[in-house]
Amino acid sequence: MDTASSQALRKALDLLIDPPAEPDLSHGYLDLLGTGSDAPKNTGFIQKAWASPLGSMLYDQAQLLNRRIVAASRPPIDWLNIPSGGTALDVGSGPGNITAALARAAGLDGVALGVDISEPMLARAVEAEAGRQVGFLRADAQRLPFRDESFDAVVSLAVLQLIPDPVAALSEMVRVLRPGRRMAVMVPTAGHGAALRFLSRGGARLFAEDELGDVFEDLGLVGVRTKTHGFIQWVRGAKP
């Protein structure tokens, strides 16, 4: 294991429910899905576009807008209160910039792992952000491969709307979160406008104002808060 993120990927292997005997690290990330016919696939126009090599490059342009939106809405990395030396998870990590920010918050002895299903996107994340504290895995958000209560913080930004079963993904995030720790997600909200119509027609789901807050509470999270900025919404909660 000689990748830049070897230490982070060793940590990832330690956290897996069923670590592979011969881990596939040939692309710089840990591939837990392979290429079999039963491997999860991206569905819908938007998901397929982002998963393609061209789409992963075009994604950078979308990220310019996304970063401005995220900056304006103040991502809750400080609120997550990641302990020094802690472990954080970024579900649907895309180009890995948020994963790297989580690693910085965890300090020099901490680690952040990013999970995504898109091979081209993971390749870009590895090139841009992989390091001693930052590692990436190809896995299904609806069936996270980690043991129960493995992480001190979990985030997912602009991803749940693309997942076939977002409630299953949220349930998995809660499962791998340690008691007393926090998680936050950001999603598009239902509303009007060309951007939202494009997302909806492309197969993305738009969430109603209180929909995810209710799901958080149904999954047992406490201190649930929602905040909407234009057409995006942050939802936060803690595991008791």
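Let's start with what Q233 touches: leaving aside its neighbours within four places in sequence, Q233 is in contact (heavy atoms within 4.5 Å) with V185, M186, V187, T189, A208, E209, T226, K227 and T228. Before going on, a word on the model: it is predicted, so local features need pLDDT of at least 70 and side-chain atom pairs count only at pLDDT 80 or more, while totals for chains, interfaces and linings use all residues. Residues are numbered from 1 along each chain as its sequence is written, and side-chain values use heavy atoms, with hydrogens and water left out.

Back to Q233, then. You'll find Q233 in strand β8, residues 232-238; strands here are DSSP runs of E, at least two residues, and helices are runs of H or I, at least four, numbered from the N terminus. Is Q233 buried or exposed? Q233 is buried, with a relative accessible area of 0%, where buried means under 20%, exposed over 50% and partly exposed in between, using a 1.4 Å probe and protein chains only. V185 sits 48 residues away along the chain, with 8.2 Å between the two C-alpha atoms of Q233 and V185. The Q233 side chain also reaches the backbone oxygen of E209 at 2.7 Å.

Now for the rings. The structure holds 1 aromatic pair. The rings of F146 and F151 have centres 4.9 Å apart and planes at 85°, so the pair is edge-to-face; rings of Phe, Tyr and Trp (its six-membered ring) pair if their centres lie within 6.5 Å, with planes under 30 degrees apart stacked, over 60 edge-to-face and the rest tilted. F146 is buried at 0%, and F151 is buried at 0% as well.

Note on methods
Polar contact = N/O pair within 3.5 Å; in protein donor to acceptor, adjacent residues only side chain to side chain.
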